[in-house]
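Student: I am new to this structure. Please show me how to read its features.

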Amino acid sequence: MRVQLVDIAHARSGDKGDTANVGVIALRPEWYPLLVQQLTRERVQAHFQGVITGDVQRYELPNLNALNFLLHGALDGGGTLSLKTDAQGKVFSTALLRMTIDVQDADARRLDLPAAR
Amino acid sequence: MSPSQVVRIAAAQGFWGDSLDAPRRQVDGGPVDYVMLDYLAEVTMSILQKQKERDPNMGYARDFVGAIESMLPAIAERGVRVIANAGGVNPGACAAAIRQVLAKHSKATTVRIGVVTGDDLLPRLDELFAAGHALAHMETGEPLSTVRDRVLSANAYLGSTPIVDALARGANIVITGRSTDTALTMAPLRHTYAWKADDWDRLAAGIIAGHIIECGAQCSGGNCLYDWRSIPNLADVGYPIVEGQADGTFVVTKHEGTGGVVSVHSISEQLLYEMGDPHSYITPDVIADFTTIQLEQEGPNRVRVHGIKGRPPTDSLKVSVAYRSGFKAVGTLVYAWPDALEKAQHADRILRERLDRLGLTFDRILTEFVGVSSTHGPLTPASGYEAPEVQLRVGVRSESKAAVERFTREIAPLVLNGPPSVTGFAGGRPKVEEIVAYWPALVDKAVVRPHVEIV
């Protein structure tokens with residue numbers, strides 16, 4: 001079954017120089033392991049291909065059922081140098097939530113996951 | 001204060017430009033002991049430095065004067081104490097302006113103002129270079145000397161110690177320059193409970209309390225994605241309050257009857273805001289580990305925070321340098337149905353061709369189509385939906401002010417001599433802006449000398 005992140009997680013993003021961070025939080029604690037398993041550094045790097053120019057770093061915060069991603073080279077130079085509407089990376093959060101993942105049907109039923117709209 | 005007693009710290013400003021009513025609402029809405037106001041973003045210091053160059057009595061957050069005025073009865077009659085980094089690059093002038101406001105209230109004449117300085121490294125740059133402190137850029141490694149003649153401001157981020165000192169010396173209002181945002185919350189906790197300077201876990205808790213409330217209502221329902229439709233009454237959003245305890249645990253809440261929400265979800269989102277490596281949130285006081293934070297909803301709009309671990313800080317302070325870095329301008333036009341996007345794209349090609357013919361070169365030209373792809377770019381799915389209108393948004397950046405100025409004259413002509421169905425030019429010619437860029441650096445703690453004065 002295809003699942004879109006926006007239906008199983010919420011997120012907030014911010015900036016540090018030319019780097020955007022996206023914190024992704026599972027909407028239910030039992031969905032957090034799925035985020036850990038599916039949202040690999042490589043997967044997120046591929047998702048943002050053509051949007052960011054640098055690497056992606058990933059950190060786990062199991063205490064908050066959250067992952068934190070650093071997206072380097074995301075903000076056209078960052079801060080006041082950037083010409084982007086989103087110069088401070090405020091909406092990279094929902095850009096990540098556009099991602100869809102494939103989950104085995106049995107797992108999707110067991111976890112009561114909503115299907116992608 | 002006995003160890004079981006609670007100290008209430010209210011956040012009333014998340015940046016310079018935040019709600020003017022928040023300070024008064026925080027002191028009138030229920031019991032608070034301290035109000036903290038965070039005015040300084042990364043480039044705010046440079047704006048203030050420019051103001052000080054024009055007028056030596058300026059260079060601080062002017063909004064703070066009105067904030068004090070609106071809180072005056074609480075400060076003078078109820079003993080509410082206020083901590084703010086409103087001093088910017090001129091804490092002394094800020095204190096003088098506040099003193100004038102206090103003179104208007106008969107009971108406020110005894111109010112003591114603590115002024116924290118020592119963060120300003122601008123007058124000491126050459127001395128620091130000569131002593132081998134390169135203030136190298138934290139990302140590129142370049143020494144600051146490469147842009148020395150363009151530097152506008154240079155400030156070290158001070159920790160909570162000088163604020164704690166000012167509170168111990170009886171200051172009712174503490175004004176700082178570039179303190180860490182988190183220090184403004186940490187200081188009253190340290191002062192109240194006399195936490196030792198090496199009590200790493202409690203200090204880390206103070207930092208995290210500060211991180212949660214330093215952006216004002218962004219932890220109490222503002223900008224909250226979780227079930228956003230259900231968040232009640234944002235028109236009257238309650239700004240956050242930390243109820244601290246001696247053991248380092250604390251509750252985040254807001255005044256009764258206010259709008260917004262304080263939940264595990266709203267706090268979790270704020271904890272992750274501008275987060276780097278969560279294991280190492282580095283401050284001058286302590287390194288806090290965000291992976292140890294435990295959150296519990298203990299009641300409606302009450303989140304208990306506990307379990308926090310910290311470890312000793314580094315020997316460096318972060319320095320925020322602002323320097324002039326060329327000019328920029330952004331021009332916009334709106335194209336209407338039919339074929340709105342195609343018309344906007346065509347206008348962009350024409351504009352770029354004209355800029356080429358004029359021989360203008362830019363360090364950067366960026367085109368965005370607002371309504372189509374400006375926020376999520378290529379991640380936006382091709383939906384088959386035809387936008388009723390599209391805003392063409394073109395930005396340029398250059399070392400040459402003349403080139404940027406010429407660009408601003410090339411937008412309006414497109415209304416009459418470019419693709420059809422165009423509107424939205426009521427705002428006039430785009431404004432040329434000088435870019436003040438941000439240079440993050442580190443400096444040895446030992447060379448920065450914080451100073452506290454009670455006036």
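Tutor: A crossing is left-handed if the near helix is turned anticlockwise from the far one by less than a right angle, and right-handed if clockwise. Helices (H or I, at least four residues) and strands (E, at least two) are DSSP runs, numbered from the N terminus. This is a predicted model: local features need pLDDT of at least 70, side-chain atom pairs count only at pLDDT 80 or more, and totals for chains, interfaces and linings use all residues. Residues are numbered from 1 along each chain as its sequence is written, while chains are lettered from A and ligands numbered from 1 in the order in which they are written.

Student: How is a pair of packed helices described?

Tutor: Two packed helices are described by the angle between their axes and the distance between the axes. Axes are lines fitted to C-alpha atoms, for helices over the stretch in contact, and angles run from 0 to 180 degrees between N-to-C directions. Here, helix 6 (residues 161-168) of chain B packs against helix 7 (residues 183-193) of chain B at about 50 degrees, the axes being 8 Å apart. The crossing of helix 6 of chain B and helix 7 of chain B is right-handed.

Student: How many bridges join strand 4 of chain A and strand 5 of chain A?

Tutor: Strand 4 of chain A and strand 5 (residues 66-71) of chain A pair over six bridges, in the antiparallel sense. A:Arg58 stands opposite A:Phe69 in strand 5 of chain A.

Conventions
Pairing = 2+ DSSP bridges.
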